[in-house]
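Me: I am new to this structure. Please show me how to read its features, step by step.

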Amino acid sequence: MAKQNKSKDYDKCFEMLLDLIKGVRAVQDNSTKNLNTLHFNQNNLIKDIHNLNYRCQVIEAQLEELQTKNYKKKVMN
């Protein structure tokens with residue numbers, strides 16, 4: 001009888017261990033997905049920053065052009 005109880009206990013422990021392993025794998029999969037999402041978002045943020053930098057350069061160039069035109073108008077008047 002004691003051997004049967006031990007066998008049942010081992011079976012329960014084995015099932016619990018398998019459940020634990022499944023849980024750990026699920027957490028690993030979820031972590032991997034989260035890391036991939038973070039990496040994707042990081043890349044998008046980098047692209048957005050580059051676009052903003054380019055737009056700022058364009059605006060700066062336009063402002064310089066306007067300042068030059070305004071200066072020329074003042075000098076001519």
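Reply: One point before we start. This is a predicted model.

Me: Where is Asp9 found?

Reply: Look for the helix. Asp9 is in helix H1, which covers residues 2-76. Leu18 has its place in helix H1.

Me: How many salt bridges does the model hold?

Reply: A salt bridge pairs a side-chain nitrogen of Lys or Arg with a carboxyl oxygen of Asp or Glu, within 4 Å. Here the count is 1 salt bridge.

Me: Which residue forms a salt bridge with Lys69, and how far apart are the closest N and O atoms?

Reply: The partner is Glu65, and the closest N and O atoms are 3.5 Å apart.

Me: How are Lys69 and Glu65 placed in helix H1?

Reply: Count along the chain. Lys69 and Glu65 are 4 residues apart in helix H1, so about one helical turn separates them.

Me: How exposed are Cys13 and Cys56?

Reply: Cys13 is partly exposed, with a relative accessible area of 48%. Cys56 is partly exposed too, at 43%.

Me: Which residues form the negative surface patch?

Reply: Asp and Glu count as negative. The negative patch is formed by Asp9, Asp11, Glu15 and Asp19. A patch residue needs over 30% relative accessible area. Take Asp9: its relative accessibility is 44%, so Asp9 counts as partly exposed.

Me: Which residues form the nonpolar patch, and how much accessible area do they have together?

Reply: Phe14, Leu17, Leu18, Leu20, Ile21 and Val24 form this surface patch. Together they have about 530 Å² of accessible area. Leu18 has a relative accessible area of 36%, so Leu18 is partly exposed. Ile21 has 35%, and Ile21 is partly exposed.

Me: What distance separates the C-alpha atoms of Ile21 and Cys56?

Reply: Read chain spacing and space together. Ile21 and Cys56 are 35 residues apart along the chain, and their C-alpha atoms are separated by 52 Å. For Leu45 and Val24, the spacing is 21 residues and the C-alpha separation is 31 Å.

Me: Is Leu45 buried or exposed?

Reply: Leu45 has a relative accessible area of 55%, so Leu45 is exposed.

Note on methods: Residues are numbered from 1 along each chain as its sequence is written. This is a predicted model: local features need pLDDT of at least 70, side-chain atom pairs count only at pLDDT 80 or more; totals for chains, interfaces and linings use all residues. Side-chain values use heavy atoms; hydrogens and water are left out. Patches are made of residues with over 30% relative accessible area and no salt bridge: like charges are joined within 9 Å, nonpolar side chains (Val, Leu, Ile, Met, Phe, Trp, Tyr) within 5 Å. Accessible areas come from the Shrake-Rupley method with a 1.4 Å probe; for residues, only the protein chains shown count as cover. The place of a charge is taken as NZ of Lys, CZ of Arg, CG of Asp or CD of Glu. Helices (H or I, at least four residues) and strands (E, at least two) are DSSP runs, numbered from the N terminus. Buried means under 20% relative accessible area, exposed over 50%, partly exposed in between (1.4 Å probe, protein chains only).
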